[in-house]
Amino acid sequence: TVDDRNADSDFYSNRVPNALRFDLDKLCDLNSDLPHMLPDLEWFGARMDEIGVSPKDTIVCYDSIGQFSAARAFWTLWVLGAHDVKLLDGGLPKWLEEERRVANGEPLVEVEPNPASTWVREATPRLQKEVISVDQVEDFVQSSPSQKQLVDARPKNRYLGVDEEPRPNLKRGKIPGSLNVPFGQVLNPDGTFKSDEELRQVFEEAGVDLSKEE
């Protein structure tokens, strides 16, 4: 639920035809004390198999707000092995604004068997390269922060520790040395992404050196 919305009701009452529900509250590590941590690979692969999604499919992510949870779904699928995953620019609001076709009710899709091991095989090298631990972040913050860059995508007041975190039991503030690029700054008023040139300006004004590899 976001802003008192019921995500399930939103999906079943108004969705892009043939869309499937990707529930971030369920497709995560349910044993972690922290929200939305990456799930166990084999477990995730089995869940994707149940809804007939293969890592070799073209997968398009969207949400009912524009760009919010869709970006997290995109990253989760990508880092866990999806070959071709995309974001619907502007999300469902843009889709509706352009009066495109919608559907409601339970999606009717044919599920083709897809061994969970396929996801494990595709995800393993990407996880090893793209995901680092909290201990690794702490190490490079303390040793050579100038060699790597941390970008915090939360709103400015949460980054500064002025506002409370929306999730319970989380401390206010930021990781030392991190830079702030609030996610809303990369979007146009209609929820679509800004141009490459505009995005470069946003990141550079926040102090991000785009010439660095990390």
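Which side chains does a polar contact of 2.7 Å join? Select arginine 154 and aspartate 152: their side chains are the two partners. A polar contact here is a pair of N or O atoms within 3.5 Å; within protein, one must be able to donate a hydrogen and the other to accept it, and residues adjacent in sequence count only if both atoms are side-chain atoms.

Before moving on, note that this is a predicted model, in which local features need pLDDT of at least 70, side-chain atom pairs count only at pLDDT 80 or more, and totals for chains, interfaces and linings use all residues. Residues are numbered from 1 along each chain as its sequence is written, and side-chain values use heavy atoms, with hydrogens and water left out.

**Stop 1: arginine 154**

Stay on arginine 154. It sits in the loop between strand 3 (151-152) and helix 7 (156-159). Helices (H or I, at least four residues) and strands (E, at least two) are DSSP runs, numbered from the N terminus. The relative accessible area of arginine 154 is 18%, so the residue is buried. Buried means under 20% relative accessible area, exposed over 50%, and partly exposed in between (1.4 Å probe, protein chains only).

The pair with aspartate 152 is also a salt bridge, at 2.7 Å from N to O. That term means a side-chain nitrogen of Lys or Arg within 4 Å of a carboxyl oxygen of Asp or Glu. Both aspartate 152 and arginine 154 are buried.

Now show the contacts (heavy atoms within 4.5 Å). Not counting residues up to four places away in sequence, arginine 154 touches Tyr159, Glu165, Gly173, Lys174, Asn180 and Pro182.

**Stop 2**

Side chains of opposite charge can pair when their charged atoms come close. The whole structure has 12 salt bridges.

Select arginine 21 and aspartate 23. Their closest N and O atoms are 3.6 Å apart. Arginine 21 is partly exposed at 24% relative accessibility, while aspartate 23 is buried at 12%.

Go to helix 2 next. Glutamate 50 and arginine 47 form a salt bridge there, with closest N and O atoms 2.8 Å apart. The two are three residues apart in the helix, so about one helical turn separates them. Arginine 47 is partly exposed, at 22% relative accessibility.

Then pick Lys94, Glu98, Arg100 and Asp190. Salt bridges link these four in a network.

**Stop 3: the nonpolar cores**

Which residues have the most contacts inside the largest nonpolar core? Select Phe22, Phe44, Met48, Ile59, Cys61, Leu77 and Trp119. The core has 18 residues. By definition, it is a set of buried Ala, Val, Leu, Ile, Met, Phe, Trp, Tyr and Cys residues joined through side-chain atoms within 4.5 Å.

Colour by element. Helix 2 (41-50), strand 1 (58-61), helix 3 (69-79) and helix 5 (116-130) each give two or more residues to this core. Helix 3 gives the most, with four.

Centre on leucine 77. Its contacts include Phe22, Phe44, Met48, Ile59, Cys61 and Trp119, and also Ala82 and Val85. A second, separate core has six residues, among them Val186, Leu187, Leu199 and Val208.

**Stop 4: rings**

The structure holds four aromatic pairs. Rings of Phe, Tyr and Trp (its six-membered ring) pair if their centres lie within 6.5 Å; planes under 30 degrees apart count as stacked, over 60 as edge-to-face and the rest as tilted.

Select phenylalanine 11 and tyrosine 12. They are edge-to-face, 5.1 Å centre to centre, with 75° between the planes. Phenylalanine 11 is buried at 10% relative accessibility; tyrosine 12 is partly exposed at 31%.

Phenylalanine 68 and phenylalanine 183 are also edge-to-face, at 5.9 Å and 65°.

Phe22, Phe44 and Trp119 form one aromatic cluster.

Now look for charges over rings (NZ of Lys or CZ of Arg within 6 Å of the ring centre and within 35 degrees of the ring normal). Arginine 100 lies over the face of tryptophan 95, 5.6 Å from the ring centre. The charged end of lysine 148 sits over the ring of phenylalanine 140, 5.8 Å from its centre.

**Last stop: backbone**

Most residues other than glycine have a negative phi. Select asparagine 18, where phi is near 70°. Then select histidine 36, where phi is near 60°. Asparagine 18 is in the loop between helix 1 (7-13) and helix 2, and histidine 36 is in the loop between helix 1 and helix 2. Asparagine 18 is exposed, at 58% relative accessible area.
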